[in-house]
Amino acid sequence: MGKVLAVSNQKGGVGKTTTSVNLASSLSYLGKKVLLVDVDHQANATTYMGINRSNLEYTVADIFTQTAPIESVIQSVESVKVDMIPARFELVNIERRLLEDDDMEYVLANALKKVRHKYDFIIIDCPPSLGIITMNALVAADGILIPVQCEFLALDGLTQLLNTIRVIQKKQKYQQRKLTIEGVLLTMLDTRSNIGYEVINEVKTYFKEKVFQTIIPRNVKVAVAPSYGLPVTEYSPKSKGAISYRKLAREVVFNNDQ
Ligand SMILES: Nc1ncnc2c1ncn2[C@@H]1O[C@H](COP(=O)(O)OP(=O)(O)OP(=O)(O)O)[C@@H](O)[C@H]1O
Ligand SMILES: [Mg+2]
């Protein structure tokens, strides 16, 4: 049964999409069957994967409005052998509509149930908010992967995320599955400045063994790869960024094979 990982942090620009895309491609490289789900109306993961948004018949919005079965929304990204549920701007209107529904937090989880058996990992790239769309992702997830940027105020706002996790765990009281913290990933470390290392210490003091050993360095190839519609692991496989993301994938696989 596929392990569902939500990549989430309500803070913007911390590396959620970069991590989702590169973890997905690196897990596929390790021979795992992977589904990447974009639930952000900015649709960055969809773009980073080189999918042309104007040609899409269905998007993740159809899953939320239940206007298409999940199977018809899944695209295959040949370049990296990853399946993907793409997003587009119309997702922005879904939030309001979902709030009118009673079972609003379970829509994505219910849809994913139908395809989980086909995958080893399902990675969900969340938007920078804790609204109903993110709630859907967290309710559907077994684990949350929290990217934290190695910058000033890195931990700011994380209390809110941790409270949300607790709320969801309470709701899942009678379910078999429970949301856990899969790991905290330190991203965009600038090895030339001290602040990055200070943040690493701070995050490790707070999250202890929950922090991934892999740390993602700031690397220009990572920033450039999306403009080629490729994960950095494909665009520049020997770059420091690519090597780090492949290491992260091995760590995730190791942690889940225990
Ligand atoms: N390791 C890295 N080295 C250099 N640039 C990076 C790295 N990781 C991410 N970036 C760049 O930082 C920016 C933000 O990254 P990304 O889009 O992954 O963040 P995000 O958390 O998904 O943002 P949002 O909250 O808007 O969804 C992007 O321009 C990306 O290319
Ligand atoms: Mg993003």
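How many aromatic pairs does the count come to? This is a predicted model, and the count in it comes to 2 aromatic pairs.

1. Let me take Tyr 206 and Phe 207 to begin with. Their ring centres are 4.9 Å apart and their planes stand at 75°, so this pair is edge-to-face; planes over 60 degrees apart count that way. Phe 207 is buried, at 7% relative accessible area, whereas Tyr 206 is partly exposed, at 47%.

2. The other pair joins Tyr 228 and Tyr 235. Here the ring centres lie 4.8 Å apart with the planes at 20°, so the pair is stacked; the cut-off for stacking is under 30 degrees. Tyr 228 is exposed, with a relative accessible area of 52%, and Tyr 235 counts as partly exposed at 26%.

3. Now to the helices. Helix 1 (residues 16-29) packs with helix 12 (residues 240-256) at an angle of about 70°, and their axes are 8 Å apart. That angle makes helix 1 roughly perpendicular to helix 12. The crossing of helix 1 past helix 12 is right-handed.

4. It is worth looking at the residues behind that contact. Helix 1 contributes Thr 18, Thr 19, Asn 22, Leu 23, Ser 26, Leu 27 and Tyr 29. On the helix 12 side they meet Tyr 245, Arg 246, Leu 248, Ala 249, Val 252 and Val 253. By type, the residues of this contact divide into 8 nonpolar, 4 polar and 1 charged.

Conventions:
Residues numbered from 1 in each chain as written. Chains lettered and ligands numbered in written order. Predicted model: local features only at pLDDT ≥ 70, side-chain atom pairs only at ≥ 80, totals over all residues. Heavy atoms only, no water. Axes fitted to C-alpha atoms, helices over the stretch in contact; angles between N-to-C directions. Helix = DSSP H or I, 4+ residues; strand = E, 2+ residues; numbered from the N terminus. Parallel < 35°, antiparallel > 145°, perpendicular 65-115°, else oblique. Left-handed = near helix turned anticlockwise from the far one by under 90°. Contact = heavy atoms within 4.5 Å. Nonpolar A, V, L, I, M, F, W, Y, C, P; charged D, E, K, R; others polar. Phe/Tyr/Trp six-rings, centres within 6.5 Å; stacked < 30°, edge-to-face > 60°. Buried < 20%, exposed > 50% of the residue type's maximum accessible area, 1.4 Å probe, protein only.
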